[in-house]
Amino acid sequence: MITSHAGQQTHKALIGQTPLGPSRKRRDPTYFIKPLEMTDAQVREVIDAFVKAAEHSVKAGSDMVFVHAGGGDLLNQFISPFFNVREDDWGGSDEKRFRILREIIEKIRHTIDDRVPILVKMNCNDRTPKAGVTPELAKKYTAWLSEIGVDAVELTSGIKFYNHMNCWRGAVPVRESIRSFPLWKKGPGWLKMKLTMEGKYEFEEGWNLEDELHVKPAMGNMRSFFVGGLRRIDFMEEIVEKGYADFVCMGRPFIREPDLVKKFKEGKKQADCKSCNKCIGGVINQLPTACYRNGLPLA
Ligand SMILES: Cc1cc2nc3c(=O)[nH]c(=O)nc-3n(C[C@H](O)[C@H](O)[C@H](O)COP(=O)(O)O)c2cc1C
Ligand code: SF4
């Protein structure tokens with residue numbers, strides 16, 4: 001069970017208030033929101049909420065606690081110098097930007113059973129217009145995660161509310177994205193996506209591998225989970241056999257084929273997912289997560 005907080009990566013209409021973030025510096029190019037800068041009390045409230053969520057997930061039967069600090073969510077925003085320009089206890093240096101994550105992990109470790117592993121999913125590359133979490137910074141943070149007793153790390157990349165295609169590879173879901181835009185934004189949005197995005201994010205098998213290998217020496221005794229663009233069983237075996245990672249993960253292939261592991265065991269060699277990204281178009285339109293390869297249901 002994933003524990004996360006979206007921070008500024010959400011709609012005002014969805015949560016009934018201006019989203020919160022580490023700093024009020026930037027209006028994002030997707031929702032055009034300038035988040036409210038969180039107060040010290042709000043930061044501490046979020047830390048406690050993560051600890052409670054971890055406790056609940058263990059009580060509910062989770063085999064591990066999964067803290068999401070990647071993909072553009074709040075913890076990603078705090079550890080990124082691109083989003084976090086605070087100068088108090090929660091910003092101003094790498095140590096202070098990392099502090100929220102450190103406190104969450106230390107408090108969770110203190111609260112839950114020692115035998116329950118903690119996994120942190122974190123970006124190895126934000127790919128923001130100016131440096132956020134870079135592979136070098138991810139390496140530094142990964143060493144700190146290892147020091148504070150995290151058991152496993154999963155490296156991902158991209159910030160969804162900056163450019164969601166930095167989180168994935170494959171076709172740009174132009175039509176599906178435009179459907180979610182307000183009327184005034186449909187024309188310029190379509191033009192922008194056609195001119196600057198379409199065809200520029202071709203599917204690439206294991207696109208995080210180079211950054212993963214850059215960060216890997218800092219992992220210490222932590223286990224590593226590799227994600228992003230795994231489709232062929234041969235490639236997954238190579239990742240593990242060559243020691244690039246201990247585990248492999250998939251997102252979209254399981255949306256298409258929830259019973260994929262069983263199929264692999266029975267001899268299937270490759271997932272059916274075609275990385276058309278219409279499932280992401282579905283999420284953008286707030287539809288239930290599903291494979292929409294044949295198109296989104298009519299509005
Ligand atoms: C519709 C959709 C929803 C996702 N939701 C989450 C999520 O809630 N938490 C998370 O860590 N990753 C989430 N991901 C990202 C995947 O875990 C994975 O990192 C990404 O899709 C790249 O891997 P893939 O090529 O196997 O899809 C989501 C992906 C998709 C397509
Ligand atoms: S809509 Fe289906 S085929 Fe397309 S990327 Fe998503 S899961 Fe894969």
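I began on the outward side of α2, where A41, Q42, E45, D48, H56 and K59 are exposed. A reminder to myself before going on: this is a predicted model.

**Entry 1, helix α2.** Next I looked up the length of the helix. α2 covers residues 40-59, which makes 20 residues. From its first C-alpha to its last I read 29 Å, close to the 28 Å expected at 1.5 Å a residue.

Which residues of α2 are buried? I noted V43, V46, F50, V51 and A54. Looking down the axis of α2, I found these buried residues within an arc of 135°, so they line one face of the helix. A handy rule for this pattern is that an α-helix has 3.6 residues a turn, so residues three or four places apart point the same way.

I then asked what covers the buried residues of α2. The cover includes β1 (2-3), β4 (65-69), α3 (74-79) and α4 (94-111). Just after the helix, I marked G61, which takes a positive phi of about 110°.

**Entry 2, the domains.** I wrote down how the protein chain is divided: domain 1 is 2-167 + 204-249, and domain 2 is 170-203 + 258-299. Taken over C-alpha atoms, their centres are 23 Å apart. At the contact between them, seven residues of domain 1 meet 11 residues of domain 2. On the domain 1 side of that contact I have two nonpolar, two polar and three charged residues.

**Entry 3, ligand 1.** I turned to the shell of 18 residues around ligand 1, where V227, G228, M250, G251 and R252 come nearest. Two elements give two or more residues to this shell, α10 (252-256) and α12 (278-284). The largest share, three residues, is from α12. Sorted by class, the shell around ligand 1 holds nine nonpolar, seven polar and two charged residues.

I picked V215, which sits in helix α8 (residues 209-215). Buried or exposed? V215 counts as buried because it has 24 C-beta neighbours inside 10 Å. Leaving out residues up to four places away in sequence, I listed its contacts as C124, P135, A138, K139, T142 and L155. I also checked V215 against I108: the two are 107 residues apart along the chain, and their C-alpha atoms are separated by 24 Å.

- R127 has a phi near 55°. It lies in the loop between β5 (118-125) and α5 (135-147). With 16 other C-beta atoms within 10 Å, R127 is partly exposed.
- Q286 also has a positive phi, about 55°, although it is not a glycine. I placed Q286 in the segment after α12. Q286 is exposed, with 9 other C-beta atoms within 10 Å.

Conventions
Residues are numbered from 1 along each chain as its sequence is written. Chains are lettered from A and ligands numbered from 1 in the order in which they are written. This is a predicted model: local features need pLDDT of at least 70, side-chain atom pairs count only at pLDDT 80 or more; totals for chains, interfaces and linings use all residues. Helices (H or I, at least four residues) and strands (E, at least two) are DSSP runs, numbered from the N terminus. The expected span of a helix is 1.5 Å times one less than its number of residues. A residue is buried if 20 or more other C-beta atoms lie within 10 Å of its own, exposed if 12 or fewer, and partly exposed in between; C-beta atoms are placed from the backbone. The arc is that of the directions from the helix axis to the C-beta atoms. Domain bounds come from an automatic or database domain assignment. Ala, Val, Leu, Ile, Met, Phe, Trp, Tyr, Cys and Pro count as nonpolar, Asp, Glu, Lys and Arg as charged, and the others, Gly among them, as polar. A residue is near a molecule or strand if its C-beta atom, placed from the backbone, lies within 6 Å of it.
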